[in-house]
Amino acid sequence: MPLTSDHVYNALRTVNDPDLQKDLVTLNMVKDVQIDGEKVALNIELTTPACPLKDKIEDDIVAAVKAKGKEMGETVSEVKVEFSADVKKAENKGKDNPLPNVKHVIAVGAGKGGVGKSTIAVSLAIGLARMGAKVGLLDGDIYGPSLKTMLGLEDLPTKSSDKTLLAFEAHGIKAMTIAKLVPDDKALIWRGPMAHGAFKQLATQTDWGELDYLIVDLPPGTGDVPLTLAQLLPLSGAVVVCTPQKVARNDALRAIKMFQQLGVNVLGIVENMSYFIGDDGKSYDIFGRGGAQMLAQELALPFLGAVPIHMQLRVNCDSGEPLKNWDNPQLADELDTLCKNLASQISIATLSGKLVQPTLSIT
Ligand code: ADP
């Protein structure tokens, strides 16, 4: 009996998205099924272009469709799987959303300065964009903005229309930083209410267009800006950047507790400066590799990945050429892992209904 699209759908009911733990038909991911003689072609719509499990899903589909063919006594010589992606928006029942065209806002925080929070924020934004997502990056570190340098925005003109700032476009992402709005020599000392106002303006008066992910690089520590952010925008969650040393853990823990107290879902921990590979090719665990991973385990939080100390990372950040980080295959691999794990945590939280914005109450 010839294979029909109903048979193929039945086969796909046996293939689960391993992250979302439901089958592809129930998840409404099957967008097109074409059967031409012995050949089957499918389009599967993922919940993120950065899906870490594409290969596994493809292998499972091919096996399931071929098995179905065998069951029907038909030869299936080829199963061609094409992937597309539609990032699902979190349901926002809590409050008016000033950025309705942004599907997910993700804060990147750290317990203290210098751990590579901005470097990781830039890497996440650019990595997700390289995989096909529409991404924005907001420099929320209004006391020490570094994105002008890290993204090489110095020579780009600042443009606005009416009361709206146009986001800068660089390296495949949209970006905004206070450093393009005030002179370089003006020390950015803000009192609490001014910091609140400056951040609010940057976030909500920038024309971001349509975005899948808006990454917000927060100031280090537990100050006013995270509080403003949590009050202002429906956050999909936060990423906490940490170095592996034991002494760094308490700082990271404070940042994690702050997000949790604000009702913000902690999507995962990143271990930066995890290890160093010398010219001899050996890996050196300078700061005690695995410390942040252990912290994640103890707190039952996702561990998103580890980034080595890499001179090229520092050089590319200083020269405003972050895309060059992907020229190094090992570094590219570590950065892509972070992005995929983050995207997958966002999809899991969205589909599990975890992302309904809580009502913020501070006591
Ligand atoms: P933070 O935002 O936490 O203050 P930054 O991202 O500004 O930290 O990083 C501080 C400095 O360390 C920058 O010069 C940056 O290029 C460098 N840096 C960060 N992570 C790494 C890394 N994994 N390898 C090499 N240099 C790094």
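Trp 326 sits in the loop between H9 and H10; helices (H or I, at least four residues) and strands (E, at least two) are DSSP runs, numbered from the N terminus. The model is predicted: local features need pLDDT of at least 70, side-chain atom pairs count only at pLDDT 80 or more, and totals for chains, interfaces and linings use all residues. Residues are numbered from 1 along each chain as its sequence is written, and side-chain values use heavy atoms, with hydrogens and water left out.

Trp 326 is buried, with a relative accessibility of 9%. Here buried means under 20% relative accessible area, exposed over 50%, and partly exposed in between (1.4 Å probe, protein chains only). Leaving aside residues up to four places away in sequence, Trp 326 touches Ser 123, Ile 126, Gly 127, Arg 130, Ala 332, Leu 335 and Asp 336, where contact means heavy atoms within 4.5 Å. Leu 313 is 13 residues from Trp 326 along the chain, and their C-alpha atoms are separated by 9.6 Å.

## Strand E15 and its partners

Strand E15 covers residues 266-277, and nine of its 12 residues are buried, so E15 is largely enclosed by the rest of the structure. Two strands pair if DSSP finds at least two bridges between them. Strand E14 (residues 235-242) runs parallel to E15 and is joined to E15 by five bridges; in this pairing Ala 238 stands opposite Val 266. Strand E17 (residues 303-309) also pairs with E15 in the parallel sense, over five bridges, and Phe 303 of E17 is the bridge partner of Ile 269.

With strand E16 (residues 283-284), E15 pairs in the antiparallel sense over two bridges. Ile 277 stands opposite Ser 283 in E16. The hairpin of E15 and E16 has five residues between the strands, and Gly 281 takes a positive phi near 80° there.

## The sheet E3-E4-E5

Three strands form an open sheet in the order E3-E4-E5, with mixed pairing. Its edge strands are E3 (30-36) and E5 (78-85), each of which pairs on one side only. On average, neighbouring strands of this sheet are turned by 15° against each other, direction ignored. Axes are lines fitted to C-alpha atoms, for helices over the stretch in contact, and angles run from 0 to 180 degrees between N-to-C directions.

E3 and strand E4 (residues 39-46) run antiparallel and are joined by six bridges, with Asp 32 opposite Asn 43 in E4. Helix H2 (residues 54-72) packs on the sheet and touches E4 and E5, its direction making about 140° with that of E5. Helix H1 (residues 5-12) lies across E3 and E4, at about 130° to E3. The loop between E3 and E4 holds Gly 37, which is exposed with a relative accessible area of 67%. Gly 37 and Gly 290 are 253 residues apart in sequence and 52 Å apart in space, C-alpha to C-alpha.

## Pockets

On a 1 Å grid over the protein atoms alone, a cavity is a set of points where a 1.4 Å probe fits but cannot get out, and a pocket is an open set with protein on both sides within 12 Å along at least five of seven lines; lining residues have an atom within 4 Å of a point. Grid points are joined across faces, edges and corners, and a volume is the space filled by probe spheres set on the points.

The largest pocket has a volume of about 210 Å³. It is lined by 13 residues, of which Thr 119, Met 273, His 310, Leu 313 and Arg 314 are the closest to its centre. E15, E17 and helix H9 (311-318) each supply at least two lining residues, and H9 gives the largest share, five residues. This lining divides into seven nonpolar, four polar and two charged residues. Ala, Val, Leu, Ile, Met, Phe, Trp, Tyr, Cys and Pro count as nonpolar, Asp, Glu, Lys and Arg as charged, and the others, Gly among them, as polar. The second largest pocket holds about 180 Å³ of space.

## Cavities

There are four cavities of 30 Å³ or more. The second largest cavity has about 50 Å³ of space, and the residues lining this cavity include Thr 47, His 104 and Tyr 213. Helix H10 (residues 329-351) gives the most to this lining, with five residues.
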